[in-house]
Every structure is written in C-alpha cells, then in structure tokens.
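Please examine the structure shown below and consider on what grounds its features receive their names.

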Amino acid sequence: MGSVELATGYFQLVPSMQGSEKKISDEISSAVDGATENAGTAGGKKLSEKLAEGLQGWALPALAGGMLAGLGKGLYEVGAVFDDVNDTIRVGTGASGEALEGLTDVAKRIGRSVPVEYSKIGTTVADLNTRLGLSGETLEKVASQYLEAGRILGQEVSVQKTTAAFSAFGIQGDAVADAMDNLFRVSQATGVGMNELASSAQQAAPSMKTLGFSFEDTIAMVGAFDKAGLNSNAVMASMSKGLVTLAKKGEDPKQAFQRVTGEISGFLEKGNEAAALELASKIFGTRGAMQFVEAMKTGQLSAGDMMKSIGATD
C-alpha cells in the first residue's frame, strides 16, 4: 500500500479516483477498440499510448505503463487507503457523520498538494483537530505546514510538543499558522529543531509570558542562545529573575531586556568589557553573563530584535 500512497502526493491519485470506475472502464474500452487495428508489439504499444491519453488525470502509474493486469488490485488498494484514512480520523477524533466527512475531505485535499503518505496525513489531521480544535481551511493549512516542514527538514514535527507550546502561549485558531511559520523560520536560521524549540518555549512559557514576551520572542531567544552556545533554558530561567529587578519604574521587563542588552552592547563598543560583564551578570548570573557577553563580542548575538539577530527572514 505504501507505493500507492506515495503516488497520491505527486499524481493526486486517491482524491480523484472515487467514483471513477466507469470513467476508467470507458477509457480502457475506447483504447482497446482503437488498438485492435494493429496486433503484437505495435498493438501493445498503441494501447499503452491510448491509455495514457485517455486517462489523463485518472491513470494509475502502473496503467500509464500498460500494466492492465494490476487495475483491479490498484482500485482495491485505493479503496483501502480511503478506508484507512477514514478509520484513523474516526478513531483519533471520535468524529462521525458530517464532522467525520469534513475531516476526511481535509485529508484528501492535503493529499493533492503535499507528497507524503496518506497514513501520515490522516494522523496529523486527527491529532490537530483533537489537540487544537482546528477544522476546515485552517486545519488544512496547518496540517499541510506540519507535513511539508517534516518533509523538508527530514524530521517529523511533533504535534504533541508543538501544540503544547501553542496552548501554553494561548495561540489558537488562525494564529497557529503564523506560529508554525515562525517556528520554521527560527529553526532554519539557527539549526535548532522545531520540536526542540517548541519544548523549550513550553517550559519557559509561564515566566516569559509574565515578563511580556510573546511566543515569537521566546523561540527567537531559545534559537539565538542555543546557536551562540548558551544553555537556553538556564539563561532564560536566570533572565526572568534579573529583569524584574533591573526594570525601571514604569518599564516592563521586555523593555528592560532591550534597554539592558543595548547598554551591554554599548559597553563592548567602547571596549569596557568589565562593565558589560557586571551588567550582564545582573540578568544572567556570573556564568551566563560571560557566555552572553562573549556571544555579543563575536557577533553571534546582538541587541534589539532577536528575530533579526538570528537572521530569521520572512
């Protein structure tokens, strides 16, 4: 069944095959009638050519090569694929009736554009619906993002880890698609996996939200710190305590972070590394301060927007 499923992503086979038995039969009959004027090798060649022309958008890869003996088996496997997808979604979500039909339709549409096995599509659709309550076009877009990112990065994007991070930051509905884009951008810019970024963001969520940092801010910091060789979880834990202390009257912690990192950068530009370390230690602790200042000296970190600092682009 794997070969049939893999074909669907590229040839849009499965979504277009439902109810097509008569179409295929008619086209085969027409091709055979036209091919009988020549026998032997020439006749066989013409038949395969006729099938390729007559079944445009309908033919199985095997049929396109003239393998008529596999038609019945191919149709059976196509039906089995649909049954498996339907069962996966039904069991995973508990949906039935129109709700189940709608989710299955989402999986079929994804199969027309993302070249992955239908078994993965069904599972992803079911999990995202269960964990985030997504449906319709939003579910289709987000599930496609998961599957395409996994295909490009060569690593399956964990629905469990990423959705846990989204929920921790209160991200829901259409906003999930933007969050997925940001995860992908930071991962590409820093080399930190999307699953690792999400796990660290979820762990830091309580303190980072209190300090006024968004999900995008948090994953950018995680990626930037990790890329610079810092223990992102330890640095962010220290930072959450230090920023509250350093914030001036009327200044929120996020603004304090931007101000203080700017001041550290200013000290380094003037060659005053001692002052930079002293100030950094009030946020990151002694050990973290040394690593942070060194990263700023080498250009691995910079003051201001962390997304720009790590080179994450739209």
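The questions that follow set computed values against definitions.

The model is predicted, so local features need pLDDT of at least 70 and side-chain atom pairs count only at pLDDT 80 or more, whereas totals for chains, interfaces and linings use all residues. Residues are numbered from 1 along each chain as its sequence is written, and side-chain values use heavy atoms, with hydrogens and water left out.

Q: What makes phenylalanine 225 and phenylalanine 284 an aromatic pair, and why is the pair called edge-to-face?
A: Rings of Phe, Tyr and Trp (its six-membered ring) pair if their centres lie within 6.5 Å; planes under 30 degrees apart count as stacked, over 60 as edge-to-face and the rest as tilted. The structure holds six aromatic pairs. In one of them, phenylalanine 225 and phenylalanine 284 have 6.4 Å centre to centre and 80 degrees between the planes, hence an edge-to-face pair.

Q: Why is this pair said to tie together parts of the chain?
A: Phenylalanine 225 belongs to helix α13 (residues 215-227) and phenylalanine 284 to helix α16 (residues 273-297), so the pair ties together parts that are 59 residues apart in sequence.

Q: Why are phenylalanine 225 and phenylalanine 284 called buried?
A: Buried means under 20% relative accessible area, exposed over 50%, partly exposed in between (1.4 Å probe, protein chains only). Phenylalanine 225 has a relative accessible area of 0% and is therefore buried. Phenylalanine 284, at 3% relative accessibility, also counts as buried.

Q: What links Phe166, Phe169 and Phe215 into a cluster?
A: Ring pairs link these residues, Phe166, Phe169 and Phe215.

Q: What makes a set of residues the largest nonpolar core here?
A: A nonpolar core is a set of buried Ala, Val, Leu, Ile, Met, Phe, Trp, Tyr and Cys residues joined through side-chain atoms within 4.5 Å. The largest one has 73 residues, and those with the most contacts inside it are Val125, Phe166, Phe215, Met239 and Ile264. The largest share of this core, ten residues, comes from α16.

Q: Which residues does methionine 239 touch?
A: Contact means heavy atoms within 4.5 Å. Not counting residues up to four places away in sequence, methionine 239 touches Met208, Phe213, Met221, Phe257, Ile283 and Phe284.

Q: Why is glycine 92 called partly exposed?
A: Glycine 92, found in helix α6 (residues 71-93), has a relative accessible area of 35%, and is therefore partly exposed. Leaving aside neighbours within four places in sequence, glycine 92 is in contact with Ala126 and Thr130.

Q: How do you know that the span of helix α8 agrees with expectation?
A: The expected span of a helix is 1.5 Å times one less than its number of residues. Helix α8 (residues 118-132) has 15 residues and should span 21 Å; its end C-alpha atoms are 21 Å apart, which agrees. Glycine 133, with a positive phi near 70 degrees, follows α8.

Q: What can be said of the span of helix α15?
A: Helix α15 (residues 253-269), with 17 residues, reaches 24 Å from its first C-alpha to its last, close to the 24 Å expected at 1.5 Å a residue. The buried residues of α15 include Phe257, Val260 and Ile264.

Q: What caps the N-terminal end of α15, and what caps that of α10?
A: A polar contact is a pair of N or O atoms within 3.5 Å; within protein, one must be able to donate a hydrogen and the other to accept it, and residues adjacent in sequence count only if both atoms are side-chain atoms. Aspartate 252 caps α15, a side-chain oxygen lying 3.1 Å from the backbone nitrogen of lysine 254. Serine 158 caps α10, with a side-chain oxygen 3.4 Å from the backbone nitrogen of glutamine 160.

Q: Why does threonine 190 count as buried?
A: Threonine 190 has 12% relative accessibility and therefore counts as buried.

Notes. Helices (H or I, at least four residues) and strands (E, at least two) are DSSP runs, numbered from the N terminus.
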